[in-house]
Structures are given as structure tokens and as C-alpha cells.
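Biologist: Hi! Could you put the model up and walk me through it?
Modeller: Happy to, here it comes.

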Amino acid sequence: MPRLLLPLVGCVLLVALGVGAIMYADYDDAPGLGLIGFVLIFGAIALGVRAVLRAKRDV
């Protein structure tokens with residue numbers, strides 16, 4: 001479990017950064033920043049799934 005904790009915390013932080021980027025893009029009317037926010041969110045989800053699958057495989 002501790003081996004899985006650090007990657008998942010990093011993924012949660014990436015999702016929070018992506019949500020913040022989308023919120024700021026909405027405020028500032030910046031469509032490129034919104035796209036970067038979506039890429040950060042979906043990339044963090046993919047990294048989280050990958051970390052969980054690797055942790056299950058090593059058990």
C-alpha cells in the first residue's frame with residue numbers, strides 16, 4: 001500500500017492542477033489553457049490506473 005500511495009497522491013495533485021487550469025481558463029477566456037487542463041486531468045487518470053494495475057501485478 002505505501003508503494004501505491006505516492007503515485008496516487010501525485011495523480012490527485014495533477015487533477016487539482018487541471019481543474020484549477022480549467023477554472024482559470026473559464027475566467028480569462030483562454031481556450032488553450034482549458035485544453036491543457038483537460039489533458040492534465042485525463043493524463044493523471046491514466047497514470048493512476050497504470051499505478052494501480054502495476055501494484056496489483058506485483059502482489
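Modeller: Let's begin with Leu-47, which is partly exposed with a relative accessible area of 42%. Partly exposed sits between buried, under 20% relative accessible area, and exposed, over 50% (1.4 Å probe, protein chains only).

Biologist: Before we go on, what should I know about the model itself?
Modeller: It is a predicted model: local features need pLDDT of at least 70, side-chain atom pairs count only at pLDDT 80 or more, and totals for chains, interfaces and linings use all residues. Residues are numbered from 1 along each chain as its sequence is written, and side-chain values use heavy atoms, with hydrogens and water left out.

Biologist: Thanks! Where does Leu-47 lie?
Modeller: Leu-47 lies in helix 2. Helices are DSSP runs of H or I with at least four residues, strands are runs of E with at least two, and both are numbered from the N terminus.

Biologist: And which residues does Leu-47 touch, leaving out those up to four places away in sequence?
Modeller: Cys-11 and Leu-14, where contact means heavy atoms within 4.5 Å. Gly-10 is 37 residues from Leu-47 in sequence, yet their C-alpha atoms are 9.3 Å apart in space.

Biologist: How many helices and strands are there in the protein?
Modeller: Two helices and zero strands.

Biologist: What about the overall dimensions?
Modeller: Along the principal axes, the C-alpha atoms fill a box of roughly 45 × 15 × 10 Å. The radius of gyration is 14 Å, whereas a compact globule of 59 residues would have one near 10 Å. That radius is taken over C-alpha atoms, and the globule rule is 2.2 Å times the number of residues to the power 0.38.

Biologist: How much of it is buried?
Modeller: Of the 59 residues, 19% count as buried. The accessible surface comes to about 4,600 Å², with 75% of that belonging to carbon and sulfur atoms. Those areas come from the Shrake-Rupley method with a 1.4 Å probe; for residues, only the protein chains shown count as cover.

Biologist: Switching topic: how many aromatic pairs does the structure hold?
Modeller: Two aromatic pairs. Tyr-24 and Tyr-27 form a tilted one, 6.3 Å centre to centre with 45 degrees between the planes. Rings of Phe, Tyr and Trp (its six-membered ring) pair if their centres lie within 6.5 Å; planes under 30 degrees apart count as stacked, over 60 as edge-to-face and the rest as tilted.

Biologist: Where do those two tyrosines lie?
Modeller: Tyr-24 and Tyr-27 both lie in helix 1 (residues 2-28), three residues apart, about one turn of the helix. Tyr-27 is exposed at 70% relative accessible area, while Tyr-24 is partly exposed at 45%. Then Phe-38 and Phe-42 form a stacked pair, 6.4 Å centre to centre and 15 degrees between the planes.

Biologist: Is Phe-42 buried or exposed?
Modeller: Phe-42 is exposed, at 55% relative accessible area, and Phe-38 counts as partly exposed at 44%. Both lie in helix 2, four residues apart, about one turn of the helix.

Biologist: Last one: what's going on at Asp-29?
Modeller: Phi of Asp-29 is near 60 degrees, a positive value in a residue other than glycine. Most residues other than glycine have a negative phi. Asp-29 is found in the loop between helix 1 and helix 2 and is exposed, with a relative accessible area of 67%. Asp-29 and Arg-57 are 28 residues apart in sequence and 44 Å apart in space, C-alpha to C-alpha.
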